[in-house]
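Subject: Structure handover

Hello,

Here is the structure for you to work with. Notes on what was found in it follow below.

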Amino acid sequence: MADIQEAYLHEQLLERRQRLETALATFQRNEGLRELLTQVDSALERMRAGTFGNCETCHETIEKSRLISDPLIRYCLDHLTEQQRRALEQDLELASQIQRGLLPPPHLVFAGWEVCYHYRPLGLVSGDYCDVVTHQNESDDVYFALGDVSGKGVAACMLMSQLHAIFRTLVASGLSLRALVERASRVFCQSTISSLFATLVLARAGQSGSIEVCNAGHCPALLLQGGKVIELGATGVPLGLFCEGAYPTQNAKMGCGDALFLYTDGISEARSAGDAEYGTERLKQLVASRPELPPQALIAACLDDLEGFRAGAPLLDDLTIMAIRRVAL
Ligand SMILES: [Zn+2]
């Protein structure tokens with residue numbers, strides 16, 4: 001495990017130790033607290049001995065994402081007891097339900113915009129962030145967000161929900177789009193361990209058809225206008241890489257039938273049975289060839305094409321697609 005992550009976990013453990021001791025001073029007879037303190041001390045001892053993060057059965061390295069969520073664990077996934085395995089499955093199922101609860105409505109028509117999305121985690125939980133926010137600051141602006149947190153599984157899922165909370169809070173504060181993403185990156189950077197980051201496209205669409213897009217290190221957003229596809233590439237680095245970053249935005253005016261297409265690399269980097277990459281170019285061509293399709297049908301067409309391309313090869317990453325179309329008011 002990288003030193004910096006172990007240093008972070010060490011600090012976390014010391015903090016927990018402090019809190020437990022404070023709590024134990026008040027609740028002296030609480031056996032649960034006493035047992036937790038023993039476990040924290042044992043983890044600190046393993047750090048001193050240099051065996052922290054090794055499975056006590058096979059001595060292999062324990063999955064990093066699990067250690068980050070719980071530095072007290074002592075066994076890799078292959079060596080859990082039956083009871084631990086059941087508890088873990090129940091936790092994951094609950095995390096999955098919580099995450100599904102954070103998603104916006106699957107189909108929304110608001111202020112001259114129609115939006116649909118497809119959200120498919122690779123496992124029970126996803127590191128993709130997908131959001132649509134309306135009714136903020138007494139304006140009819142709609143915010144669309146689609147992002148991808150580094151890593152997979154539970155740790156990525158936790159960071160995804162953190163990103164969700166940060167954006168929901170900042171959107172309500174009425175900042176400009178650029179200031180909003182800069183602030184979000186700073187908050188995200190200060191509250192996560194370094195080496196973890198998130199790519200993101202955030203768009204604000206106005207009732208008049210104007211759209212402003214900020215792309216922080218994410219795959220290019222595809223703007224479909226008059227049968228042509230314009231790529232809106234990254235203008236800033238992913239969130240969380242550096243606390244200070246600039247996030248210029250790009251503007252466009254969308255007419256009836258124009259569309260904005262957002263996706264994660266779960267689709268653009270999908271592989272075929274022959275190990276070819278699906279690629280942005282194929283996605284662009286597909287989107288350009290179906291300008292008449294409403295969001296739901298466009299997403300279905302993409303998923304069909306992807307399935308044909310994969311020809312049975314498994315998906316390798318979380319996958320999210322969002323299609324936004326300008327409609328008559
Ligand atoms: Zn093991």
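Buried here means under 20% relative accessible area, exposed means over 50%, and partly exposed lies in between (1.4 Å probe, protein chains only). Helices (H or I, at least four residues) and strands (E, at least two) are DSSP runs, numbered from the N terminus. The model is predicted, and local features need pLDDT of at least 70, side-chain atom pairs count only at pLDDT 80 or more, and totals for chains, interfaces and linings use all residues. Residues are numbered from 1 along each chain as its sequence is written, and side-chain values use heavy atoms, with hydrogens and water left out.

Overall

The protein chain has nine helices and eleven strands. Its C-alpha trace spans about 70 × 50 × 30 Å along the principal axes. Of its 329 residues, 47% count as buried.

β4 covers residues 142-149, and eight of its eight residues are buried. Val-142, Phe-144, Leu-146 and Asp-148 point one way from the strand, while Tyr-143, Ala-145, Gly-147 and Val-149 point the other way; all are buried.

Strands count as paired if DSSP finds at least two bridges between them. β3 (residues 128-133) runs antiparallel to β4, and six bridges join them; Cys-130 has Leu-146 in β4 as its bridge partner. β5 (residues 198-205) also pairs with β4 in the antiparallel sense, over eight bridges.

The zinc site

Donors are N, O and S atoms within 2.8 Å of the metal (3.2 Å for Na, K and Ca); water is not among the atoms, so sites may look incomplete. The zinc ion is coordinated by SG of Cys-55, Cys-58 and Cys-76 and by ND1 of His-79, at 2.1 to 2.3 Å. The donor residues are spaced C-x2-C-x17-C-x2-H in sequence. Cys-55 lies in the loop between α2 (31-49) and α3 (64-69), and Cys-76 in the loop between α3 and α4 (82-101), so the pair ties together parts that are 21 residues apart in sequence. Cys-55 is buried at a relative accessible area of 1%, and Cys-76 is buried at 5%.

The site is tetrahedral, with angles of 92 to 120° among the four donor atoms. Four donors count as tetrahedral if all angles lie between 85 and 135 degrees; four count as square planar and six as octahedral if opposite donors are over 155 degrees apart and all others between 65 and 115; anything else is irregular.

Aromatic pairs

Rings of Phe, Tyr and Trp (its six-membered ring) pair if their centres lie within 6.5 Å; planes under 30 degrees apart count as stacked, over 60 as edge-to-face and the rest as tilted. A search of the whole structure finds three such pairs. In one of them, the ring centres of Tyr-129 and Phe-167 are 6.2 Å apart and the planes are at 25°, so the pair is stacked. Tyr-129 lies in β3 and Phe-167 in helix α5 (residues 153-171), so this pair ties together parts that are 38 residues apart in sequence. Tyr-129 is buried at 1% relative accessibility, as is Phe-167 at 2%. Phe-261 and Tyr-263 form a tilted pair, 6.1 Å centre to centre with 35° between the planes. Phe-261 and Tyr-263 are both buried.

The six-stranded sheet

Six strands form an open sheet in the order β1-β2-β11-β10-β7-β8, with antiparallel pairing. The edge strands, β1 (107-110) and β8 (228-232), each pair on one side only. Within the sheet, β7 (residues 221-225) and β10 (residues 259-263) pair over three bridges, and Leu-224 has Ala-259 in β10 as its bridge partner.

Loop residues

Ala-111, in the loop between β1 and β2, has a positive phi of about 50° although it is not a glycine. Ala-111 counts as buried at 14% relative accessibility. Asp-275, in the loop between α7 (265-268) and α8 (280-289), also has a positive phi, near 70°, but counts as exposed at 51% relative accessibility. Leu-122 sits in the loop between β2 (113-120) and β3 and is partly exposed at 41%. Leu-122 and Leu-315 are 193 residues apart in sequence, with their C-alpha atoms 7.3 Å apart in space.

Regards
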